[in-house]
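Please look over the sequence and the model below. Then read the short report that goes with them.

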Amino acid sequence: MAFPHLQQPSFLLASLKADSINKPFAQRCQDLVKVIEDFPAKELHAIFPWLGESIFGSLDGVLLGWNLRCLQGRMSPVEYSIAMEFLDPGGPMMKLVYKLQAEDYKFDFPVSYLPGPVKASIQERVLPDSPLYHNKVQFPPTGGLGLHLALNPFEYYMFFFALSLITQKPLPGALHIRTSDCAYFILVDRYLSWFLPTEGSVLPPFSSSPGGPSPSPAPRTPAMPFASYGLHHTSLLKRHVSHQTSVNADPASHEIWRSETLLQVFVEMWLHHYSLEMYQKMQSPHAKLEVLHYRLSVSSALHSPAQPSLQALHAYQESFTPTEEHVLVVRLLLKHLHAFSNSLKPEQVSPSTHSHATSPLEEFKRAAVPRFVQQKLYLFLQHCFGHWPLDASFRAVLEMWLSYLQPWRYAPEKPAPSSDCQPRAVSERWAPFVQENLLMYTKLFVGFLSRALRTDLVSPKNALMVFRVAKVFAQPNLAEMIQKGEQLFLEPELVIPHRQHRLFTASPFTGSFLSSWPPAVTDTSFKVKSHVYSLEGQDCKYTPMFGPEVRTLVLRLAQLITQAKQTAKSISDQCGESTPGRPFLSWLGFYSTDTNGCYPANDLDEMGQDSVRKTDEYLEKALEYLCQMFRLSEAQLAQLTLALGTTQDENGKKQLPDCIVGEDGLILTPLGRYQIINGLRRFDIEYQGDLELQPIRSYEIASLVRMLFRLSPAINQRFAGRMAALCARADFLGSFCRYHLTEPGLAGRRLLSPV
């Protein structure tokens with residue numbers, strides 16, 4: 001990769017490149033530690049881009065680097081220990097970053113490797129909404145091509161680290177590696193704990209300079225015309241520093257920019273991806289003004305800066321499919337952010353108690369999730385819900401979503417466990433979070449329902465996912481909070497002018513985080529409406545989670561759960577009945593279920609009776625939780641079951657799949673195809689042709705069947721007279737011959753099966 005401003009030859013760089021080929025890994029790291037300690041920043045700045053690429057791999061994915069995503073302590077303990085020590089937040093690599101930071105060096109990062117929405121925005125001269133890019137975009141002298149960002153060393157290092165999760169393709173052998181044991185995953189956890197501490201403050205860097213460079217370096221080339229999504233605001237950091245003397249300055253105010261940068265980089269690189277359909281939705285003509293219109297309609301007396309709905313000002317198309325590893329790392333980020341935000345001091349949790357005396361880190365804890373994460377996470381989750389395959393790997397996305405929905409799980413105070421083993425009720429303290437994240441609960445729940453209705457619930461893994469969602473949403477008091485949020489959103493606009501003590505403000509995403517935190521919005525209804533309109537647009541058609549449409553979907557899911565339970569029991573019973581009658585060769589592995597009496601194979605066949613028991617338990621509890629959430633009675637379930645024809649007939653057999661009668665016979669309906677695919681119903685197919693020519697079973701040896709079939713008529717022709725005499729006898733031998741020889745075409749099969 002070329003770096004235009006580093007074209008001058010460097011003896012140190014050439015020496016290190018040669019050592020990277022000739023020396024072992026441990027020796028190379030020892031040499032790097034010595035170089036970082038002994039050489040001045042002037043020499044080190046030439047090796048910094050090469051070192052980042054050699055560790056994290058090239059941005060185009062060609063060079064693998066240290067392969068941190070596959071490096072595990074139990075597989076390669078020596079290399080793992082050395083790499084973790086070198087890249088630790090307090091290790092040599094970070095010392096190099098701070099050493100270069102003190103000298104105000106800048107490094108060029110190609111725009112072409114940024115996430116699709118950001119890249120398309122910058123290429124069209126539109127400044128992205130994140131303050132991470134402000135005053136950093138640089139243009140070559142000729143203009144047009146070769147756009148890059150001028151980043152300080154800390155930003156450059158974090159860009160490389162975060163993007164390596166996206167750009168580096170996993171090796172074939174990496175499919176069986178546990179993500180949480182890998183060096184990359186553990187490094188993410190360490191960086192989050194170091195720069196977003198739940199206790200204390202951010203540790204200062206190792207450089208002699210107590211502060212870092214400005215988080216918004218000035219462009220080094222003539223200014224180009226750039227559109228922006230909103231107004232620029234003064235930095236909160238500058239406000240804090242300017243309001244305090246140098247003697248009493250809070251050290252955290254000088255270092256909070258590292259925490260901000262880390263979070264912004266992780267969010268931008270990992271969450272700023274969405275599909276073409278999502279972008280087209282954001283491209284509606286009124287998208288840039290709809291939230292502004294709403295704010296003006298309810299608070300025309302105040303002059304708040306406007307925020308476009310989804311900052312959509314450019315054409316964009318990106319095909320992006322996150323990996324399971326990517327989702328697991330994002331879940332780690334969300335869990336830590338909840339713990340980080342919940343570590344606020346009790347007197348500083350409410351925005352109304354905010355004052356200038358509050359430290360920047362405390363303000364950052366309060367603003368991190370709603371200001372940086374919420375919008376992009378919502379788009380990311382919608383993309384995953386709509387594009388992830390309908391298989392068990394969706395569990396990773398599901399758990400990421402459920403982790404975000406339950407911030408109370410990561411609160412420092414732990415409620416005392418109830419003595420009756422009942423689930424703990426969600427405290428009213430979390431009602432504002434639920435209301436301000438209403439779409440995360442309601443719309444994504446509807447999205448999950450649509451997926452669940454298309455999956456095979458007989459599978460234990462799919463049944464477990466339904467159980468997990470139902471269990472989370474059935475927590476006491478959570479459904480009531482969601483209903484309250486929906487009531488606030490659906491509240492008529494005519495009520496708004498009559499409210500008292502309304503404080504309206506925008507929540508601008510366009511300035512640096514370290515811009516003034518807006519005054520408190522005391523009107524809860526307005527906050528809920530603003531949340532929904534900012535994510536979906538003011539003309540969105542909201543479907544209430546507890547309305548009739550969703551209730552119909554829940555009833556349909558309840559019906560499928562009942563069917564799946566019956567199917568699992570039928571599979572279990574049939575497997576138990578067919579076991580004693582299996583042919584002798586089935587015990588040698590040549591058996592499969594008879595074509596005249598089987599269900600389609602699924603993972604129940606692989607896991608046995610224990611799997612059937614787990615499936616039944618998951619589905620039973622899921623149905624119980626759904627009935628609890630939506631207040632479904634036993635009578636409703638029974639009536640629905642009868643109406644949809646899920647009961648068994650008098651003989652205890654399943655009914656035929658749903659179909660209609662056509663000119664040429666029965667024609668499957670879409671519901672019938674769904675029932676067959678998921679093993680819910682089946683046609684009773686029996687062979688009705690010549691028994692001598694019926695198809696060879698999969699548990700039979702085909703060559704022997706054919707050979708014995710030819711041998712049977714030859715024996716009959718040669719010994720026909722003697723066989724007729726034997727069959728005419730009235731003793732046991734005569735009965736035996738009559739039984740085996742009256743159907744000569746089956747002789748070959750009977751030789752392969754027990755009598």
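## The model

This is a predicted model: local features need pLDDT of at least 70, side-chain atom pairs count only at pLDDT 80 or more, and totals for chains, interfaces and linings use all residues. Residues are numbered from 1 along each chain as its sequence is written, and side-chain values use heavy atoms, with hydrogens and water left out.

## The whole chain

The protein chain holds 29 helices and five strands. Helices (H or I, at least four residues) and strands (E, at least two) are DSSP runs, numbered from the N terminus. Of the 755 residues, 50% are buried. Buried means under 20% relative accessible area, with a 1.4 Å probe and protein chains only.

The accessible surface is about 36400 Å², by the Shrake-Rupley method with a 1.4 Å probe. Carbon and sulfur atoms own 58% of that surface. A contact means heavy atoms within 4.5 Å. Take the contacts between residues at least 6 apart in sequence: 80% of them join residues at least 24 apart.

## An open sheet

Three strands form an open sheet in the order β1-β3-β2, with antiparallel pairing. The edge strands are β1 (107-110) and β2 (137-138), and each pairs on one side only. Two strands pair if DSSP finds at least two bridges between them.

β2 and β3 (residues 148-151) are antiparallel and share two bridges. Gln 138 has His 148 of β3 as its bridge partner.

## The nonpolar core

A nonpolar core is a set of buried Ala, Val, Leu, Ile, Met, Phe, Trp, Tyr and Cys residues joined through side-chain atoms within 4.5 Å. The largest one has 168 residues. Leu 68, Leu 87, Phe 266, Trp 270 and Trp 401 touch the most other members. Helix α14 (residues 360-387) gives the most to this core, with twelve residues.

Leave out residues up to four places away in sequence, and Trp 401 touches Leu 381, Phe 385 and Met 440, among others. Val 469 and Phe 473 are also among its contacts.

Helix α18 (residues 460-473) has 14 residues. From first C-alpha to last it reaches 20 Å, close to the expected 20 Å. The expected span is 1.5 Å times one less than the number of residues. Twelve of the 14 residues in α18 are buried, including Val 469 and Phe 473.

Gln 374 lies in helix α14. Why does Gln 374 count as buried? Because its relative accessibility is 11%. Beyond four places in sequence, its contacts include Tyr 404, Glu 436, Met 440 and His 531.
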